[in-house]
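Thanks for coming, everyone. I'd like to walk you through a model I have been looking at, so let me put it up on the screen.

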Amino acid sequence: MNFWNDPLRVAAEWLEGIFAGWGMDAVAAHVLVVFLGVLLLIIVLMALDVFLVWVERKVVARFQDRLGPNRLGPFGLIQPFADIIKLIIKEDTTPGDADKVVYNLAPILSMMSVLILWAVVPLAPVMLGTDLNVGALFIIAAGAIGTLSIIMAGWASNNKFAMIGGFRQVAVMVSFEIPMLTMLMIPVIFSGSMNMNVIIQAQDPVPFWVLSPLGALIFLIAAIAELGRAPFDLAEGESELVSGFNIEYSGMKFGMFYAGELLHAFTFGGFWAILFFGGYRFFGLEQVSPFLAILILIFKAMLGYWVIMWVKYTMMRIRIDQMLAFNWKFLTPLAFALLLVTALVNALLASAPAWFYTLSMILANLFTGWIALEIARSATRSERERIEGVKKPVEAHH
Amino acid sequence: MTAQQIIFLFVALFTLISAVMVVTTRNLVHAALWLVSTLFGVAVVYALLNANFIAVVQVVVYIGAIAILFIFAVMLTRRDMRDTGPQMNKNWWAGALVAALTFAGLVSLLQEWSGFSKTASDFPSGFDAMGLLGEALVSPDAYVLPFEVASVLLLAALVGAVYVAFNPRSGDSQK
Amino acid sequence: MNEWLYVAMFIVVGLIIPVGAITAGYIFGPKKPNPVKQSTYECGIEPVGTAWIQFKAQYYIFALVFLVFDVEAVFLFPWAVKLGQLGLYAVIEGIIFVAILVVGLVYTWRKGMLEWA
């Protein structure tokens, strides 16, 4: 066992040996080593987060045919550090009428809810973090704390825009949680486990996006809504709500919301990769070294993040009634239909040859999606006719 | 005392203090937030008992859904979110007496039980708690009927909620 | 048990990092509060009243519908874990379970409670 094949265990055993040498209790040494490991991972994540600020600004600039930050350092790479310094030396104002404790707690909980998501991310075959057997639901549980932090921020600011933004954001987050929960069950059905690492291992010959392309798509849509990004960025509502739930926040407290949002998007890119694109797997390359596996995972997460940004900077914002109608009248029924179809095909073809199983799964997905689109199309057509039918006599009257 | 017991006592204290704050704080939104921390404490207790699924479900359902529902409900029922009336009525001593008696009864009952003082043991390796739960939920000789009845119960809850919310509005629409 | 140690550490470190960052901002930033600066923002006019007012009931309806489906999905997770080994009868039980709830969704829809009125 050497460092390149299992760095985490080698480092942990080495450190525990040192701490034991200092006369420390074995349990205490273990706890301390876990603490240091988690601290290291989170510091790396925060460094990545700083880099994400640059990525986000550079990518949006490209989408909008601009250059983006390009003055500080090569390709503007120093820009995010300047941003951080700016955030730190700005005054932290607290509105006089705000509920001070809740107001200050909200950005902390918001950041925390994103960071703990990484507790269940398997970075490499031997670096599992937490091998929790309820990993899939843990994502939703962490999201629940994030939802809570938003409603806390919106309420505590004692600002009408913050309140409206917070309420809308929470309504959207909880609504889209249903399709997300349902789509989380699809990898669970295929792999027979809620453990993230088992889900990755089960995508051995066929990644789940091949088996369930529609599931991957619905999960992405629900994730975008959960992140509160365009076309679902109602809380921000730049033009009408002036930034929504975080309107009263300044300095580093605002920075926590902002950094949390970027890291959240990147993390969900990672979860998309883990659940449907094989996580750290890439044609056996992940077996070479855990470090390579981490790079593969980060690359796939970046791709997912890029898709989320692509959607954000391409789509226009939709209204809250349209968004909730889209979720409850289209996405939720479709998600449940897809879940049941997947379960049915999975049970009927359990003993069929692999190629036939895969092909049937793809066809079942495409068929479900096609039926759903046809129903939606005819429903919107009749809706339009209903509205226009009402209009016509009015015009004739005038 | 083991580390697990110390953690349990700490969490239990946290949960109890939060629970007391729920009923004593005068701000209704604060009460809802204290309720969240109480429910989180209960989730930690489940985790200490190795009940991973229940612990996560506690956070998903109680903090993610019920707490949000409470906060929404608080905001749409009251114009003024501050409770100004007296917090006790003249029968407070009867409530305290019933609570004390219930607590004493529970303690005396639980002391007879041999499992009361045991700490949760780790599952043997390969023990598939989630799989067993899934199997039991749909197995005809286990819990399939409660499983389906749960769905009917949820349906009743939904229909009831919609009915209650719908009725005053139908009066409005006739105007 | 050991798994929750990691999660607990993530929660602890996840709290330390933002608290540290905000404290850094508090130490290095200027602190010159005044009543105008501390008033809440309201589109170029002085704030009218408080924001802690009664809100739209529709949010409550969506939260209720969400709660029901949330509990439903949580019930389905153990079912989904074991589905591969259980065969067709488990799938049919799941279909019945979801179908009963879909009746509720259709009822809500028909009553017009899913409209943002």
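**Helices, domains and a chain contact**

Let me start in chain A, where A:A216, A:F219, A:L220, A:A223 and A:L227 of α9(A) meet A:E261, A:H264, A:A265, A:F268, A:W272, A:L275 and A:F276 of α11(A). By class, that contact has ten nonpolar residues, one polar and one charged. Before I go on, please keep in mind that this is a predicted model.

How do these two helices pack? Helix α9 of chain A spans residues 213-227 and helix α11 of chain A spans residues 251-276; their axes are 10 Å apart, at an angle of about 165°. The cut-off for roughly antiparallel is over 145 degrees, so α9(A) counts as roughly antiparallel to α11(A). As for handedness, α9(A) and α11(A) make a right-handed crossing.

Let's step back to the domains of chain A. The domain assignment gives domain 1 as 1-89 and domain 2 as 91-397. Between the C-alpha centres of domain 1 of chain A and domain 2 of chain A there are 24 Å. Their contact involves 17 residues of domain 1 of chain A and 16 residues of domain 2 of chain A.

Which helices build the domain 1 side of that contact in chain A? At least two residues each come from α1 (7-21), α2 (26-63) and α3 (79-89) of chain A. The most come from α2(A), which gives ten residues to the side of domain 1 that touches domain 2. By class, this side of domain 1 of chain A has 13 nonpolar residues, one polar and three charged.

Now over to chain B, for those of you who like helices. How many helices and strands does chain B have? The count is six helices and zero strands, and along the sequence chain B reads α-α-α-α-α-α. Chain B has 175 residues, and 24% of them are buried. If you take the contacts in chain B with a separation of 6 or more, 55% of them are between residues 24 or more positions apart.

Let me zoom in on one helix pair there. Helix α1 of chain B, residues 3-24, and helix α2 of chain B, residues 28-48, have axes that come within 8 Å and cross at roughly 160°. With that angle, α1(B) is roughly antiparallel to α2(B). The crossing of α1(B) with α2(B) is left-handed, whereas the one I showed you for α9(A) and α11(A) is right-handed.

Which residues meet in this pair of chain B? From α1(B) they include B:I7, B:F8, B:V11 and B:F14, and on α2(B) they include B:W34, B:L35, B:V42 and B:V45. By class, the contact of α1(B) with α2(B) has 14 nonpolar residues, six polar ones and no charged ones.

Last stop: chain C against chain A. Here 58 residues of chain C are in contact with 70 residues of chain A. On the chain C side, α1 (2-28), α2 (35-38), α3 (58-86) and α4 (88-110) each bring at least two residues to the contact with chain A. Which helix gives the largest share of that side of chain C? That would be α1(C), with 19 residues. By class, the side of chain C that touches chain A divides into 42 nonpolar, ten polar and six charged residues.

That's my tour, and I'm happy to go back to any part of it.

Key:
Residues numbered from 1 in each chain as written. Chains lettered and ligands numbered in written order. Predicted model: local features only at pLDDT ≥ 70, side-chain atom pairs only at ≥ 80, totals over all residues. Axes fitted to C-alpha atoms, helices over the stretch in contact; angles between N-to-C directions. Helix = DSSP H or I, 4+ residues; strand = E, 2+ residues; numbered from the N terminus. Parallel < 35°, antiparallel > 145°, perpendicular 65-115°, else oblique. Left-handed = near helix turned anticlockwise from the far one by under 90°. Contact = placed C-beta atoms within 7 Å. Nonpolar A, V, L, I, M, F, W, Y, C, P; charged D, E, K, R; others polar. Domains from an automatic or database assignment. Buried ≥ 20, exposed ≤ 12 C-beta atoms within 10 Å, placed from the backbone.
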